[in-house]
Amino acid sequence: MSSISLLMRKDLLLLKRYLWLIVIYTIIFSGFVQKDNLLLYNFLPMLLLILVVNNDMQPSSQQFLGTLPVRRKILVLSKYASAGSLLIIAGILGGLVNSLARYYLDGNMYFHTLLVVGSIISGLLFMALYIPLFYWIGPKGGQFLNIVLILFVMMGNGIVTGILSTEQTIIIMDWFNNHPVESGVICGGAIIVAILTSYVISTAIFKKRDI
Amino acid sequence: MNAVEIRNVSKSYKNYKLSNVSFQVPNGYITGLIGPNGAGKSTIIKSIMGMVIPDQGDISVLGQPIDSERADYKEQIGYISDENIYYDYLTLAEMKKIVAPFYSNWDEDLYLKYMDIFELPARKKIKECSKGMKTKFSIALALSHHPKLLIMDEPTAGLDPVFRRELLELLADYILDERNTILFSTHLTTDLDRVADYVTFVNRGQLVFSEAKDEVLDRYLIVKGGRELLDGDIRKEFVGLRETGVGFEGLSRDRDRVVSLFGNDVMYQTPTLEEIMYYTAKGGIKHV
């Protein structure tokens with residue numbers, strides 16, 4: 001196995017202890033409580049992002065990583081790979097749970113693709129912002145960063161709900177729905193540029209950092 | 001060949017500076033890195049491990065120059081820290097499952113042998129283990145991939161004397177293979193009196209000496225005599241001096257010189273590494 005796969009495997013093993021939290025959270029905020037709940041779609045991927053990145057928040061954990069025969073840029077890359085893949089899984093999982101809840105309540109199993117894709121895109125963009133901040137602030141400021149992050153997501157949730165219901169946004173969303181190829185290229189390109197830039201910044205920060 | 005070569009390494013922090021340190025760790029021997037707390041031992045070790053990026057200087061490990069972007073050389077290093085660096089909410093078995101695949105030379109049988117010798121419970125969580133158990137587990141992980149270089153940062157601090165002695169015996173076994181090398185940082189110099197071949201002494205971020213232990217012990221000398229023998233020039237002959245109401249005790253780094261100065265008027269004693277460290281760290285003249 002490559003070093004990245006081994007580090008991703010490590011992140012999964014470390015996440016095991018939070019499994020119950022993820023399950024409870026998913027059930028509470030799934031459609032059993034409220035249909036198409038943005039707290040499920042937006043917050044579940046963010047929750048996994050925070051958990052994965054913070055697995056190695058302690059200085060001692062960073063020291064452990066420093067003893068491994070793995071280059072620093074691979075350590076950084078593995079964080080993006082773990083967080084990114086879990087964000088996508090969490091987004092899809094949220095959609096599936098919501099569909100099941102709808103089926104259970106209404107007998108109508110509808111997978112809300114737009115919300116799932118939206119949550120994944122916003123999650124990936126947020127990851128591109130969060131990981132460099134994490135490396136820049138370092139383990140000592142990580143707690144503070146997480147509090148800010150949670151507040152930001154909670155406030156952002158309300159703002160996003162507001163924005164999504166405006167007339168202009170509905171027109172834009174319609175355009176995205178009617179032009180899947182163009183919207184895929186625009187969103188995909190924006191995500192790739194954001195994540196690549198973020199990775200370069202994170203690597204530059206972490207390469208010079210004493211651990 | 002040297003297992004580690006450190007050339008002109010400097011590192012500055014807010015309240016501390018490692019200044020232009022150069023020394024070698026000879027291949028096939030145990031080298032002790034000694035110095036008081038805060039002397040710079042951990043900074044040197046972390047620089048070798050690529051965890052600390054020196055402001056200047058070069059480091060080579062097992063013949064390869066290292067920088068922050070090289071890590072393959074760590075396959076050949078077993079690292080034992082003075083503190084727990086593992087995820088303490090995992091069990092020993094889970095932690096091993098994370099570590100082992102990173103090393104192509106991982107020897108599962110050897111790992112199980114150490115777990116057995118150290119009587120370590122694989123299903124116990126790391127946070128529930130005692131300090132001694134955590135150190136034993138670190139040793140088991142560090143040795144199970146057949147490292148050529150074993151780097152230990154204060155491994156015996158906080159351990160009971162029985163296990164400290166066992167650890168030293170283990171190191172003696174490991175070093176029987178002449179391809180293996182140990183760099184052993186400690187401020188408990190009695191451990192090194194027993195096992196070290198070479199000693200590197202750092203104090204306040206500066207290198208005091210780095211040479212064969214026997215040569216150090218042959219060169220340094222403790223002198224004990226009456227105060228009437230001391231004057232300004234004589235005091236300067238000592239690295240450190242301790243004066244009491246009736247006499248003095250001083251450490252000289254030049255055995256031949258002090259013997260020619262004092263002849264039979266004083267008592268001489270070969271110092272231990274601890275005494276060398278004490279007098280060098282304290283320096284100056286101490287009145288008791």
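Author: The contact, counted where heavy atoms lie within 4.5 Å, takes 29 residues from chain A and 30 residues from chain B. Before going further, please keep in mind that this is a predicted model, in which local features need pLDDT of at least 70 and side-chain atom pairs count only at pLDDT 80 or more, while totals for chains, interfaces and linings use all residues. Residues are numbered from 1 along each chain as its sequence is written, chains are lettered from A and ligands numbered from 1 in the order in which they are written, and side-chain values use heavy atoms, with hydrogens and water left out.

The size of an interface is often given as the accessible area lost when the parts come together. Here chain A and chain B bury about 2,600 Å² between them, with 60% of that on carbon and sulfur atoms; buried area is the accessible area (1.4 Å probe) that two parts lose on being put together, summed over both. Of the area that chain A buries against chain B, 23% is supplied by Gln63(A), Phe64(A) and Pro69(A), which is more than any other three residues give.

Polar pairing also crosses this boundary, and the count between chain A and chain B is nine residue pairs in polar contact, both residues being at pLDDT 80 or more. A polar contact is a pair of N or O atoms within 3.5 Å, where within protein one must be able to donate a hydrogen and the other to accept it, and where residues adjacent in sequence count only if both atoms are side-chain atoms. On the side of chain A that touches chain B, helix 1 (3–15), helix 4 (59–67) and helix 5 (72–106) of chain A each supply at least two residues, helices being DSSP runs (H or I, at least four residues) and strands likewise (E, at least two), numbered from the N terminus. By class, that side of chain A has 10 nonpolar, seven polar and 12 charged residues, where Ala, Val, Leu, Ile, Met, Phe, Trp, Tyr, Cys and Pro count as nonpolar, Asp, Glu, Lys and Arg as charged, and the others, Gly among them, as polar.

Two salt bridges are found across the interface of chain A and chain B, a salt bridge being a side-chain nitrogen of Lys or Arg within 4 Å of a carboxyl oxygen of Asp or Glu. One salt bridge joins the side chains of Lys16(A) and Glu94(B), at 3.9 Å from N to O.

Over all chains, the count comes to 18 salt bridges. Within chain B, the side chains of Lys224(B) and Glu249(B) meet in a salt bridge of 4.0 Å, N to O. This pair links distant parts of the chain, with Lys224(B) in strand 11 (residues 221–226) and Glu249(B) in strand 13 (residues 247–252) of chain B, 25 residues apart. Lys224(B) is partly exposed at a relative accessible area of 29%, whereas Glu249(B) is buried at 18%; buried means under 20% relative accessible area, exposed over 50%, and partly exposed in between (1.4 Å probe, protein chains only).

Glu237(B) and Arg257(B) also form a salt bridge through their side chains, at 3.0 Å from N to O. Glu237(B) lies in the loop between helix 8 (232–235) and strand 12 (240–243) of chain B and Arg257(B) in helix 9 (residues 255–262), so the pair ties together parts that are 20 residues apart in sequence.
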